[in-house]
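This note is written for a colleague who is meeting the structure for the first time. Please keep the sequence and the model in view while reading the numbered points.

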Amino acid sequence: MASSMKFTDCSPSAIVRLVPSTRTRLRSSDSAVLFHRVLGRSCPAYPRTFVSRSSISTLPVISASISTEATAQVIDGKLVAKQIREEITAEVSRMKDAIGVVPGLAVILVGDRKDSATYVRNKKKACESVGIKSFEVNLPENATEQEVLKHISDFNDDPSVHGILVQLPLPKHMNEQNVLHAVSIEKDVDGFHPLNIGRLAMRGEEPLFVPCTPKGCIELLHRYNISIKGKRAVVIGRSNIVGTPAALLLQREDATVSVVHSRTKDPEELTRQADIIISAVGKANMVEGSWIKPGAVIIDVGINPVEDASSPRGYRLVGDVCYEEASKIASAITPVPGGVGPMTIAMLLSNTLTAAKRTHNFQ
């Protein structure tokens, strides 16, 4: 029997919805019921939670086979993201020198949410760090949907803009789907357009863009030389932003994929069969050590604040997976923070560069 707890979307767009100072559940794009048997259980290291919410030689080679080590290899998202940004910087410079074009990313922010503003500011800094031009539109909370659509239309027609991102969440009086669908598919660097998702789901078709967070998860596996082909993979969560595209990407890599969601029976047992686990539900420490097969590889997308009196902020961030337990069982695991998070913006920059190259037929 399911409880009234809900899955939460842990995508970057949803991460900005976390308000550490509150204890109320925030809106999720994947609202569903959490499993009854995991309620009330928590990782001993973090007992109280609130607000759920291609290879590089310098990286170590690891596998998803059973590990005899007591501690899992840490998959360093900060390191990989730094390397990717360096690669993008070189490509942006080469493109500018060769054809005089600089990739451009436009971000539309509606409202005055401090968390959203911070995230947009980080994107702008990331663009500057690799030489991508940044365009920004800030609209008040009471702006109309038509105003947002007008700015999207203008950016769609602007040849200096190669990627468009609408910062979520939008105010409640706006229809997010209408807004996101208005972005030209050629500039949909978030990868949320239904045509991009549809192409991702079809064999023989290629999406123009892949959603940034799932793309970052797979990139981490590639860069650490973790084999995916033929492996059993479990994705926990089925949001349109992370879970579903992550499952589709794993399937494209020839993994045998299962998706654990709110109606899944025996989620622990199903997860325990996985060689690769991607968790994206936004429930702190939900995945305990008993859920994990020895030697499994864990990609933890969750970013959840938990109370911590020793922290100046009064909280710290943890993932969906109980790191203390999992790191003693898994062969490799992403930390939180410092795992998937840095990869998301790196993939956004990568998608923007790809958009510019495609537009100008630059190889």
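Which residues does N351 touch, not counting residues up to four places away in sequence? Point 5 below takes up this question.

1. Basis of the note. This is a predicted model, in which local features need pLDDT of at least 70 and side-chain atom pairs count only at pLDDT 80 or more, while totals for chains, interfaces and linings use all residues. Residues are numbered from 1 along each chain as its sequence is written, and side-chain values use heavy atoms, with hydrogens and water left out.

2. Overall composition. The protein has 11 helices and 11 strands; these are DSSP runs, numbered from the N terminus, with helices being H or I of at least four residues and strands being E of at least two. Of its 363 residues, 55% are buried. Here buried means under 20% relative accessible area, exposed means over 50%, and partly exposed lies in between, using a 1.4 Å probe and protein chains only. The accessible surface comes to about 15,700 Å², and carbon and sulfur atoms account for 52% of this surface. Accessible areas come from the Shrake-Rupley method with a 1.4 Å probe, and for residues only the protein chains shown count as cover.

3. The largest nonpolar core. A nonpolar core is a set of buried Ala, Val, Leu, Ile, Met, Phe, Trp, Tyr and Cys residues joined through side-chain atoms within 4.5 Å. The largest one holds 80 residues, and among these L221 and L250 touch the most other members. Helix α11 (residues 340-359) is the element that gives the most to this core, with 10 residues. Because domain 1 (98-187) and domain 2 (209-340) both contribute residues, the core lies between them; the domain bounds come from an automatic or database domain assignment.

4. Leaving out residues up to four places away in sequence, L250 touches I218, L221, I228, A233, V235, A255, V257 and I278, where contact means heavy atoms within 4.5 Å. In soluble globular proteins, nonpolar side chains tend to be buried together.

5. N351 in helix α11. This residue lies in α11. N351 counts as buried because its relative accessibility is 2%. In answer to the opening question, N351 touches V189, F209, V210, C212 and K215, not counting residues up to four places away in sequence.

6. Charges over rings. A charge sits over a ring if NZ of Lys or CZ of Arg is within 6 Å of the ring centre and within 35 degrees of the ring normal. F209, one of the residues that N351 touches, has the charged end of R358 over its ring, 5.1 Å from the centre. Elsewhere, R313 lies over the face of Y315, at 4.8 Å from the ring centre.

7. Cis peptide bonds. L168 and P169 are joined by a cis peptide bond with omega of about 0°, and P169 is placed in the loop between β4 (163-166) and α5 (176-182). The bond from V336 to P337 is also cis, with omega near -5°. P337 is found in the loop between β11 (332-333) and α11.

8. Positive phi values. D254 is a residue other than glycine with a positive phi, near 70°. It lies in the loop between α8 (243-252) and β6 (256-260), and at 42% relative accessibility D254 counts as partly exposed. N361, likewise not a glycine, has phi near 50°. N361 is placed in the segment after α11 and counts as exposed, at 62% relative accessibility.

9. Residues apart in sequence. Where is V80 found? V80 is in helix α2 (residues 77-99) and is buried, with a relative accessible area of 0%. Y119 and I345 are 226 residues apart in sequence and 9.9 Å apart in space, C-alpha to C-alpha.

10. Q273 in a loop. Q273 occupies the loop between α9 (267-272) and β7 (276-279). At 32% relative accessibility, Q273 counts as partly exposed. Q273 touches R232 and K293, not counting residues up to four places away in sequence.
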